[in-house]
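Please read the points below alongside the sequence and the model.

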Amino acid sequence: MSKLLKLIFVQLMVIFTLSGCRSTKDIIYFQDQDSASASDYNSELFYDLRIKADDRLSIMVGSTDKEVSSPYNFTIFDVNTNSTSARAQPANLDFIVDPDGCIDFPVLGKVHVAGMTRDELTAYLTEQIGKDIQDPIVLVRIKNFKVTVLGDVKKPGTYTLSDGSYNILHALAAAGDLKMSAKRNNVLLMREEDGEMTFNRMDLRSRKITESPYYHLQQNDIIYVQPSSLGIVTGTALTNLWSVG
């Protein structure tokens, strides 16, 4: 059998199987949303990511006077080889949150940041630095916000997302969304909590996933999308057909 005939045969088989075995109740997200009023939705829908130990933070401090704000930034020295002068410049170095939830910040010393959101830390640093300089500008980023998406999605992989409020749907969208053969009622989210890996399952067909504590993502979450029996059978058939000489 030629490769072209194999491909046509597999495509026809997949179309036939999909049309015969999959119904809308298997593939549509939020099937029960029409039956819910706005007041039924969880008030915690909007979520701010909390800083935790081992996070990597980028913090830069600025003001209208660079010389005044420079002590609050790590500095490096740019030495002119043609002279004895050295010029200090802000260095874009990261702060690693230690096991106690603290960072060692210039001038301020040890600052406990675990449990804060990015906005809360920005406000705190702005207030503290504002005691010394006028109208400081503080920029805080969480640089290690990565999630891994595996299984029956179009583009499995590890994705770095801008820090902020990200949920499981954002991650699945980054991975190209689920394939038609994916099991939407049994999506697994693996998360390390207090040093132990937890395994949590969600049903994407129900709007109630927004009420799950695992709907909003945290750093280094792993999402696994299980293929349905259809996906397994189709994938096996495809492999077997292409192995035919």
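**Notes on the predicted model**

1. Glu120 and Arg50 form a salt bridge through their side chains, at 3.0 Å from N to O. A salt bridge here is a side-chain nitrogen of Lys or Arg within 4 Å of a carboxyl oxygen of Asp or Glu. The pair joins distant parts of the chain, with Glu120 in helix 4 and Arg50 in the loop between helix 2 (24-27) and strand 1, 70 residues apart. Glu120 is partly exposed at 38% relative accessibility, and Arg50 is partly exposed at 39%. Buried means under 20% relative accessible area, exposed over 50%, and partly exposed in between (1.4 Å probe, protein chains only).

2. On the basis of the numbers: this is a predicted model, in which local features need pLDDT of at least 70 and side-chain atom pairs count only at pLDDT 80 or more, while totals for chains, interfaces and linings use all residues. Residues are numbered from 1 along each chain as its sequence is written, and side-chain values use heavy atoms, with hydrogens and water left out. Helices (H or I, at least four residues) and strands (E, at least two) are DSSP runs, numbered from the N terminus.

3. How many salt bridges does a search of the whole structure find? The search finds seven. One of them joins the side chains of Asp221 and Arg191 at 2.7 Å, N to O. Asp221 lies in the loop between strand 11 (196-202) and strand 12, and Arg191 lies in strand 10, 30 residues apart. Asp221 counts as buried at 1% relative accessibility, and Arg191 counts as buried at 2%.

4. Glu211 also forms a salt bridge, with Arg207, where the closest N and O atoms are 3.6 Å apart. Glu211 is partly exposed at 37% relative accessibility, whereas Arg207 is buried with a relative accessible area of 9%. Elsewhere, salt bridges link Arg56, Asp94 and Lys143 in a network.

5. An open sheet is made of three strands in the order 4-1-7, with antiparallel pairing. Two strands pair if DSSP finds at least two bridges between them. Strand 4 (94-96) and strand 7 (137-142) each have a single partner strand and stand at the edges, so one side of each has no neighbour in the sheet. On average, neighbouring strands of this sheet are turned by 30° against each other, direction ignored. Strand 1 (residues 56-62) and strand 7 run antiparallel and are joined by six bridges. Within this pairing, Val140 in strand 7 is the bridge partner of Ile59. Helix 4 (residues 118-129) packs on the sheet and touches strand 1 and strand 7, its direction making about 150° with that of strand 7. Axes are lines fitted to C-alpha atoms, for helices over the stretch in contact, and angles run from 0 to 180 degrees between N-to-C directions. Contact means heavy atoms within 4.5 Å.

6. Which residues touch the most other members of the largest nonpolar core? They are Leu57, Ile59 and Ile223, in a core of 42 residues. A nonpolar core is a set of buried Ala, Val, Leu, Ile, Met, Phe, Trp, Tyr and Cys residues joined through side-chain atoms within 4.5 Å. Elements that each supply at least two residues of this core include strand 5 (102-105), strand 8 (146-151), helix 5 (168-174) and strand 12 (222-225). Not counting residues up to four places away in sequence, the contacts of Leu57 include Asp94, Phe95, Leu121 and Ile142.

7. Val187 is in strand 10 (residues 187-193) and is buried, with a relative accessible area of 0%. Its C-alpha atom is separated by 6.2 Å from that of Tyr224, 37 residues apart along the chain. Leaving aside neighbours within four places in sequence, the residues in contact with Val187 include Ile168, Met202, Leu204 and Ile223.

8. Strand 5 and strand 6 (residues 109-112) pair in the antiparallel sense over four bridges. Asp104 stands opposite Lys110 in strand 6. The hairpin of these strands has three residues between them, and Val107 takes a positive phi near 70° there.
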